[in-house]
Amino acid sequence: MKSLKKQLIDVIISIGLALLYNLVGGIILSASSNWGQMNFGALYIDVIFFFLLLKMLRFMRRQNPAKAGVSSPLRVILNRIGILFLLIVFLLGPVFKLKVATGDYFTYVANSVIYLHITIASIIMLVYVGLDLGYELMDSWRKAEAEKEKLHRLHTQAQFENLKAQVNPHFLFNSLNTLSSLIVEDGDRARQFVRQLSTVYRYILENRENDLVELEREKSLFDSFVYLCQTRFEENFIVHAEWPENLNQWSIPPMTLQILVENAIKHNVISKQKPLTLWVNYDEGILSVGNTNQPRRQLDSGTGFGLKNIRERFHQLSDKEVSIINQDGNFVVQLPLIPRS
C-alpha cells in the first residue's frame, strides 16, 4: 500500500511537471487563442517522460542521499541535475518522434525547437531538484534531531538506572556491611573501599551528559566497580580482563561495562561452591564481556532495561550491532567498539 501511494504521488507530480513544461513551451496551446481547440493528445507522452526523470531522481537519492551537515548540497545538486540533463538530451528526441508518429504533433520539428525544449525541461527539473533537495535536507535534519533526542533519552535513562542501582537499599546495605567489616578488620582496605566507591559515583556524575567516553576511562570505572564487588564476594568472584593495547583509540557509551557486571552479579549464583567467573576479551574491534552462566532459581525482579539500553545506544552511535551469545554454559555480550574520530 505504501509503495502504491508513492507511485501515485510520482504520477501526480509527473502530470504537474508535464503541464508546466507544455505551458511554458507553448506546446499544448493551439495557434488560435480558442481554449476549446487546445490539444492534450500528446500530454501522456510528456507525463511518461517526466515520470522516468522522477524515477531516476529517486534512484540517485537512494544511491547518494543528502544528509544535513555531511554531504555538500551544491555537489549533490550538480550531480543530480547533470545526470538528469544528459537523460533529457537523450530522451527528448525520441519523445518528439513519438509525438509525430502518433499524429499528435507536427510532421516536422526543427532542431532549434528541440534545443529550446531541452532548455525548458532542464530548467524545470533544475528547480524541482532544488526543491526536492531542500525537502530531503530538511527531512534528514529532522531525523537527525529525532535520533539525537532518542539517544539523549536513552542516555538519561541509563544514568538514572545506574544511580538508582547505586542507591537502592540492597546496594547500600551490602556496601555498608562490607565497609563496617573492613573498618574493624583492616582500616587501609576500608579507606580504599571508600575511595573506589567515590570513584564510581564521580564517574557517573562527570559523564552524565556524554554519549561516548574513551575506553580507558570506562576501564577505570570497571576496575573500581570490580574492586567493590571482589571486596564483597572475595574469592567467589573471579575476574580476568584483556584489553586492547591502545585504549584511547576506542570509545564506548558510558557505564556500559558496569551494567554488564551488575547483570552478571544480579542474575547468577555466587558462592564458595559455585564461584562466578567474569572475563573481558578484545579481538579486532570487538570487546567481549562474558560470565559463567549459573542462574539463580529465584531472580530479583528486573525490567530487562540494561541490555536493551546498551543495544539501543550502540545502534544509535554505530552501524554495528551488539551481539548476545548464551551457550555452552557461558553468557557473552559482544560490544563493537567505536573508533575515536
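**Exercise 1.** Identify the partner with which R217 forms a salt bridge, and state which helices the pair ties together.

*Solution.* A salt bridge requires a side-chain nitrogen of Lys or Arg within 4 Å of a carboxyl oxygen of Asp or Glu. R217 meets this rule with E206, their closest N and O atoms being 3.7 Å apart. R217 belongs to helix 7 (residues 215–233) and E206 to helix 6 (residues 187–206), so the pair ties together parts eleven residues apart in sequence. Helices here are DSSP runs of H or I with at least four residues, strands are runs of E with at least two, and both are numbered from the N terminus.

The model is predicted: local features need pLDDT of at least 70, side-chain atom pairs count only at pLDDT 80 or more, and totals for chains, interfaces and linings use all residues. Residues are numbered from 1 along each chain as its sequence is written, and side-chain values use heavy atoms, with hydrogens and water left out.

**Exercise 2.** Determine where E214 and R340 lie in the chain.

*Solution.* The two side chains form a salt bridge at 3.7 Å, N to O. E214 is in strand 1 (residues 213–214) and R340 in the segment after strand 8 (338–339), 126 residues apart.

**Exercise 3.** Describe the salt bridge between D223 and K219.

*Solution.* The closest N and O atoms are 2.9 Å apart. D223 and K219 both lie in helix 7, four residues apart, or about one turn of the helix.
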